Amino acid sequence: MRLTIVAPLLALLGASGLAGQSVQYRSPDGVEYRSQPDTGAIARAERALAADPGNTALVIQLAVAQSGVRQFREAIVTLTRGLATAPNNATLLRWRGHRYLSVRELDRALADLERGFRIDSTLYGILYHLGIVRFARGEFAMAADLFARAQRRAPDAGELAGSTDWLWMSLQRAGRGGEGRAMLAGRPDSLPVENAYRQRLRLYRGEIGPDAVFTPADTGDVALATLSYGLGNWYLVRGDTARARELFHRSIASGGWPAFGFILSEVELRRLGGKP
């Protein structure tokens, strides 16, 4: 079966009224978050897939290219077409679950990631993103188990820092702070890397104070959303809900709407009884 991808994508783009800038997510307050135009990667990936339409790796390559310019709904269409011919491909389910998470369709994200987990419970991307969904649902103990598994399978230093960070947060929110402190003391994230998660881990360990979390280099919208959420959660587990609210609002004000920190800031503000 050939993968007919172009027509659904054109329909999706046409519905937005702005080719290359389709509406991806509309917040409860009506704020529209749009994709970005293709800079060439999508067109190249589409040509490659058209030449070999049954190639699952090329399906994922196109979806990743689309995601790179925040065309997450288009990526969902691509991955759905791939799953039509490879319904039990755990990697396709990992990516589509991630993309459903990006557009805040958490039930669909959960369904894909759980199905992928049943097929391959060792796949890092499934463990990590299923952990994010469980955390967003307030299922912190389940999230902790998933991030602990992900931590052991992290493919690089950046992902190791991320899974360690989310594991610490999950343990804190599950009321298992002692386990979280012991985990950090063991330095499982010892591989060198500089990213927002490593900066948050420095805060958790007391290596820096809250005023040093943001640096002059942190100007990207996703980085600002990520750091703001991590600092806000740090205040939240310490009982300072007022400061936590400020940071969650700062995360949303960053504009980095695909970031997990942005998504979770929306969730936390609803939990705290306020508007995102």
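1. The buried residues of helix 12 pack against helix 7 (124-136), helix 9 (157-173), helix 11 (196-204), helix 13 (241-253) and helix 14 (260-271), where buried means under 20% relative accessible area, exposed over 50%, and partly exposed in between, with a 1.4 Å probe and protein chains only. Helices here are DSSP runs of H or I with at least four residues, strands are runs of E with at least two, and both are numbered from the N terminus.

2. A word on the source: this is a predicted model, in which local features need pLDDT of at least 70 and side-chain atom pairs count only at pLDDT 80 or more, while totals for chains, interfaces and linings use all residues. Residues are numbered from 1 along each chain as its sequence is written, and side-chain values use heavy atoms, with hydrogens and water left out.

3. Helix 12 covers residues 221-237, and its 17 residues reach 24 Å from the first C-alpha to the last, close to the 24 Å expected at 1.5 Å a residue, the expected span being 1.5 Å times one less than the number of residues. Twelve of the 17 residues are buried, so the helix is mostly covered; among the buried ones are W234, Y235 and L236. Just after helix 12, G239 takes a positive phi of about 90°.

4. H98 is found in helix 5 (residues 90-102), and it counts as buried because its relative accessibility is 12%. Leaving aside neighbours within four places in sequence, H98 is in contact with H129 and F260, contact meaning heavy atoms within 4.5 Å. The side chain of H98 also makes a polar contact of 3.2 Å with the side chain of R99; a polar contact is a pair of N or O atoms within 3.5 Å, and within protein one must be able to donate a hydrogen and the other to accept it, with residues adjacent in sequence counting only if both atoms are side-chain atoms.

5. Two arginines deserve a look. R70, in the loop between helix 3 (56-68) and helix 4 (72-85), has a positive phi of about 60° although it is not a glycine, and at 14% relative accessibility R70 counts as buried. R187, in the loop between helix 10 (177-185) and helix 11, has a positive phi near 50° and is likewise a residue other than glycine, but R187 counts as partly exposed at 44% relative accessibility.

6. Strand 1 (residues 23-26) and strand 2 (residues 32-34) run antiparallel and are joined by three bridges, pairing being assigned if DSSP finds at least two bridges between two strands. E32 in strand 2 is the bridge partner of R26.
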